[in-house]
Amino acid sequence: MQGGLKHYHELGYKGVALHDPAAVLYAVDDSIFETHHVGIRVETKGQITLGKTVTDLYSDKQFEHNAYIVTNVNRDAFRDKINTLMAKF
């Protein structure tokens, strides 16, 4: 084992994060993802936080809900969908 997978195993994870395939699968089949409609803004005035993405999921001051975030994924369904798609190649 080498590279990224080895690093993830050393950190105690079972595998690597698949961000790009997750984005594509979400566009194809969002049913395997748990999402929340939230407010997301980019900090434009802070000296230290300038450019930071701020997501309001739990605070008392709710932003306008302008986006969705994924907080969980059905790992078995995700893996099965990836394997099915990859088998076509």
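Which residue in strand 3 is the bridge partner of glutamate 34? That would be asparagine 72.

Some ground rules before going on. This is a predicted model, where local features need pLDDT of at least 70 and side-chain atom pairs count only at pLDDT 80 or more, while totals for chains, interfaces and linings use all residues. Residues are numbered from 1 along each chain as its sequence is written, and side-chain values use heavy atoms, with hydrogens and water left out.

Back to the strands. Helices (H or I, at least four residues) and strands (E, at least two) are DSSP runs numbered from the N terminus, and two strands pair if DSSP finds at least two bridges between them. Strand 1, residues 33–42, pairs with strand 3, residues 67–73, in the antiparallel sense over six bridges. Strand 1 is also antiparallel to strand 2 (residues 53–56), this time over four bridges.

Glutamate 34 itself belongs to strand 1. With contact meaning heavy atoms within 4.5 Å, glutamate 34 touches Ile69, Val70, Thr71 and Asn72, leaving aside residues up to four places away in sequence. Asparagine 74 is 40 residues from glutamate 34 in sequence, yet the C-alpha to C-alpha distance is 8.2 Å.

How covered are the side chains discussed here? Buried means under 20% relative accessible area, exposed means over 50%, and partly exposed is in between (1.4 Å probe, protein chains only).

| Residue | Relative accessibility | Class |
|---|---|---|
| Valine 16 | 37% | partly exposed |
| Tyrosine 26 | 29% | partly exposed |
| Phenylalanine 33 | 11% | buried |
| Glutamate 34 | 39% | partly exposed |

Now for the rings. A pair of aromatic rings is described by the distance of the centres and the angle of the planes. Rings of Phe, Tyr and Trp (its six-membered ring) pair if their centres lie within 6.5 Å; planes under 30 degrees apart count as stacked, over 60 as edge-to-face and the rest as tilted. The structure has three aromatic pairs. Tyrosine 26 and phenylalanine 33 have ring centres 5.5 Å apart and planes at 70 degrees, so this pair is edge-to-face.

Finally, valine 16 lies in the loop between helix 1 (3–10) and helix 2 (19–28). Together with Leu5 and Leu18, Val16 makes a nonpolar surface patch of about 210 Å². Patch residues have over 30% relative accessible area and no salt bridge, with nonpolar side chains (Val, Leu, Ile, Met, Phe, Trp, Tyr) joined within 5 Å and like charges within 9 Å. A salt bridge here is a side-chain nitrogen of Lys or Arg within 4 Å of a carboxyl oxygen of Asp or Glu. The areas come from the Shrake-Rupley method with a 1.4 Å probe; for residues, only the protein chains shown count as cover.
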